[in-house]
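Hi everyone, thanks for coming. Please take a look at the structure on the screen, and I'll walk you through some of its parts.

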Amino acid sequence: MKKCLEGLRVLELSQFISAPYAGQMLADLGADVIKVELPGEGKGDIARKYDPMYKEMSLYFASYNRNKRFLTLNLKTPEGQEIFRDLVRRSDVVLDNFRPGVMEKMNLGYEQLKEVNPGIIMASLSGFGQTGPNVHRQALDMSIQALSGFMDVTGFQDGPPTKGGPVLSDFIAGLYLAVGILAAYAYRQRTGMGQYIDIALFDTMFVLMENYPAIYRMSGEVPVRSGNGRPFSAPVGTYQAKDGKCSRYPAPRKPISKSSPCSSAIRSISARRAWSARQRARSTMTNSSTRISTSGSLSIRSRKPPPCWTSAGSPMPLYRRRKRCSTIPRWRPVRCSSVLEKPY
């Protein structure tokens, strides 16, 4: 079966994780990705020498470079540059993650390559973009996580800022790089013109900041770390199970001990489920008539108001937080008719 990007040729001038990850996604979709590396021992992709090794191959390198072809070419020489221009004439995309200005020094910048192939798409990935005050500043994942504020909202409130486990900024930037290439390719299919794509690790990391930047911008409130909980919904967290291991919500029905800090939350969850079951049983026993309108909403007539209903017709009890709360919030059900066609 043909893949969706068969016929697309990509010249990849990249190393380490972010840009190779983008090239690998295109290759998985069927593109012909040619990875170009400098010749000589230790001058290719630095990930080739990273541990752990398996049968003299770096598992680091193998994880981000599958389905590609490889070519050694010295782009610092006029002969190598001419060979690369000849490849550009027969290619669709040039992908690089060199420092800003390196491709221009080799006379292989977008303006030069556009003269060779007007439809070429060039995508560059760097730490802080191709312009701006930090254009020549080097960046690694941990520095990007720190500068973006991601580390400041990760971890427990009484602990230090914590880095996310994987190299998050590299992965999210590589994903945006691949999406940008696909968008430019769709544009070229309509107009025949190529484009230049500029992706920065620092910019794309803000996507993982959720609504924290908006909260700080509009209210001035500085977000705080919440550990395994979630400040925008509750109860959410990790709870100790009977086998001693931790599991996320929903918590086990029967806590290990009554003195456990999560036992009150577990009791409130059990009470909530019991209340929902009673309400469902009561609503089926009462004389009620249900009419489904053409818009899909429900009109319910009953002696006693049932719990809230969704537009699909399934009961959906809503819950309101008590005024007095412990460290783990308790919840109690409330009836609501806001979603009914004719409120009581």
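This is a predicted model: local features need pLDDT of at least 70, side-chain atom pairs count only at pLDDT 80 or more; totals for chains, interfaces and linings use all residues.

Residues are numbered from 1 along each chain as its sequence is written, and side-chain values use heavy atoms, with hydrogens and water left out.

So, the overview. The protein chain has 10 helices and 14 strands; these are DSSP runs, H or I of at least four residues for helices and E of at least two for strands, numbered from the N terminus. Of its 344 residues, 40% are buried, meaning under 20% relative accessible area, with exposed being over 50% and partly exposed in between (1.4 Å probe, protein chains only).

Now find helix α3, residues 78–89. Its 12 residues reach 17 Å from first C-alpha to last, close to the 16 Å expected at 1.5 Å a residue; that expected span is 1.5 Å times one less than the number of residues. Which residues of α3 are buried? They are G80, Q81, F84, R85, L87 and V88. These cover an arc of only 155 degrees around the axis, which puts them on the same side of α3; the arc is that of the directions from the helix axis to the C-beta atoms. On the other side, P78 and E79 are exposed. The cover over the buried residues of α3 includes β1 (9–13), β5 (69–72), β6 (93–96) and α5 (110–116).

Next, the cores. A nonpolar core is a set of buried Ala, Val, Leu, Ile, Met, Phe, Trp, Tyr and Cys residues joined through side-chain atoms within 4.5 Å. The largest has 30 residues, and V10, L26, A31, L95, L177, I181 and I197 touch the most other members. A second, separate core of 17 residues includes L13, I34, V94 and M122.

Strand β6 runs parallel to β1, joined by 4 bridges, and E12 stands opposite L95. Strands β6 and β7 also pair in the parallel sense, over 4 bridges, with V94 opposite M122. Pairing here needs at least two bridges found by DSSP between two strands.

Conventions
Contact means heavy atoms within 4.5 Å.
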